[in-house]
Amino acid sequence: MTLATEQIEISKFMSFLQDWDHGTKAIRHQILNDFINTSKGKTSPELELQFAQGASLFLTRLTAWLRITYMVGTCVTEQLQAIGIFLSAASGHRYLIEILEVGGILTLLEILRLKQLQEDAKQEALKLLTIIANAGRKYKELICESYGVRNIAECLANSKLEKTQEQAQILLELLAQGNPKYQLQVYKGLIALLPCTSPKVQQMALQALRTLQSIVKIVHPCIVDPLLNILRTIHYEVQYEDEPTSNLAESSPLYVQQAAAAKVIGIIIKESTEIAEEMLQLKVVHHLMIAMGNLEHASSQKQACLTLEVSIYGSYLIHTFPVVEEHVRQAIGESFYELYMKNPENLYLKMDSIQAAVLVNNKVNIPGSMEAAA
């Protein structure tokens, strides 16, 4: 680039900055849209070329205006999209540092908490936090140190749009990976979502917990009651549903929860004998058998069958809790029990309505003292 050409580009860029600095809200909105439409996917060198080696001057203006206006909702989505172009630019690590230096993480987390903001703005904030978290462990720690887990979990719980919920779930799982200092905090944050009244939120929390359990390794006792409550609630809602059974379709969120809860329970009882015993005393076998008999949802049946098998013939539970096998065998009868144990994973394919009714109406109740019962 010749000196004359360079001077022309610098002059154009200074004029651009003046338009921004003196522009009305409408003018700035147009500038944002033009930038978003023409600059997506650009690398850091390309952005610097576009702004005559002064891209940071525009980024500084973006972050400053966002801090001033996000609480009143002025062009928040567009501002975040524009900032996202800088954050996602290849070789643009310095843009990330510049955003963090002006409190970018705190601003993004605060956006998630504001009830008056549209969900598309919150989706963009979650995307930017995800980009930051993907930059490395220390950035994940910065987000967590800023009460990020709580804010993101609350956003997941309070959002109405599935797209926002999914973005929050992805971010929570990401914060737990490769972040040993805060992975237990994320784990507990997901457990706190289980009592949520939204079936979709519960389902997402269960899906994330299933992934995190293998990372965290330990089983926290506070997960027991929420998991069992999900199984109980689903049973009662299905049992006393006023609408015809056909309305509770295969894709019903309630049934998806049931399947997810059964799978997570199976993972947990492999990890901790102590937690397994507590669950057994809280009638987990009874509720798993009900899920096994749910002819409306094959996945619930399959996951419950596999989890119950673990509680009977898990690698270390067989000698500890033989009473489980005894109670299940008595409840469903010898021939049905043999059919089940022959191939638990595919039992739902062979189950008839009478066998399902036996499971749904089971009265299994493991005694309070496992040692005495054994």
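Predicted model: local features only at pLDDT ≥ 70, side-chain atom pairs only at ≥ 80, totals over all residues.

Biologist: Is Cys155 buried or exposed?
Modeller: Buried, at 3% relative accessibility. Buried means under 20% relative accessible area, exposed means over 50%, and partly exposed is in between, using a 1.4 Å probe and protein chains only. Cys305 is also buried, at 0%.

Biologist: New topic. How many aromatic pairs are there?
Modeller: The count is 13. Rings of Phe, Tyr and Trp (its six-membered ring) pair if their centres lie within 6.5 Å; planes under 30 degrees apart are stacked, over 60 edge-to-face, and the rest tilted.

Biologist: Why is the pair of Trp20 and Phe58 edge-to-face?
Modeller: Their planes stand at 85 degrees, so the pair gets that label, and the ring centres are 5.6 Å apart. Trp20 is in helix H1 (residues 3–22) and Phe58 in helix H4 (residues 55–69), so the pair ties together parts 38 residues apart in sequence. Helices are DSSP runs of H or I with at least four residues, numbered from the N terminus.

Biologist: What else does Phe58 pair with?
Modeller: Phe35, again edge-to-face, at 5.3 Å centre to centre and 85 degrees between the planes. Phe35 lies in helix H2 (residues 25–39), so this pair ties H2 to H4 across 23 residues of sequence. Phe35 is buried at 4% relative accessible area, and Phe58 is buried at 0%.

Biologist: Which cluster are they in?
Modeller: One aromatic cluster that includes Trp20, Phe35, Phe58, Trp65 and Phe86. The charged end of Arg28 sits over the ring of Trp65, 5.0 Å from its centre. That label requires NZ of Lys or CZ of Arg within 6 Å of the ring centre and within 35 degrees of the ring normal.

Biologist: Which residues have the most contacts inside the largest nonpolar core?
Modeller: Phe86, Ile152, Ile223, Leu227 and Val285, in a core of 116 residues. Such a core is a set of buried Ala, Val, Leu, Ile, Met, Phe, Trp, Tyr and Cys residues joined through side-chain atoms within 4.5 Å. H13 gives the largest share, 8 residues.

Biologist: What about H11, how many of its residues are buried?
Modeller: 11 of its 15, so to speak mostly covered. Among the buried ones are Thr164, Leu171 and Ala176. The cover includes helix H8 (119–133), helix H10 (148–158) and helix H13 (199–216).

Biologist: And what follows H11?
Modeller: Gly178, with a positive phi near 65 degrees. Pro180 is in the loop between H11 and H12, and is partly exposed at 48% relative accessibility. Pro180 and Arg137 are 43 residues apart in sequence, and 9.2 Å apart in space, C-alpha to C-alpha.

How values were computed:
Residues numbered from 1 in each chain as written. Heavy atoms only, no water. Helix = DSSP H or I, 4+ residues; strand = E, 2+ residues; numbered from the N terminus. Contact = heavy atoms within 4.5 Å.
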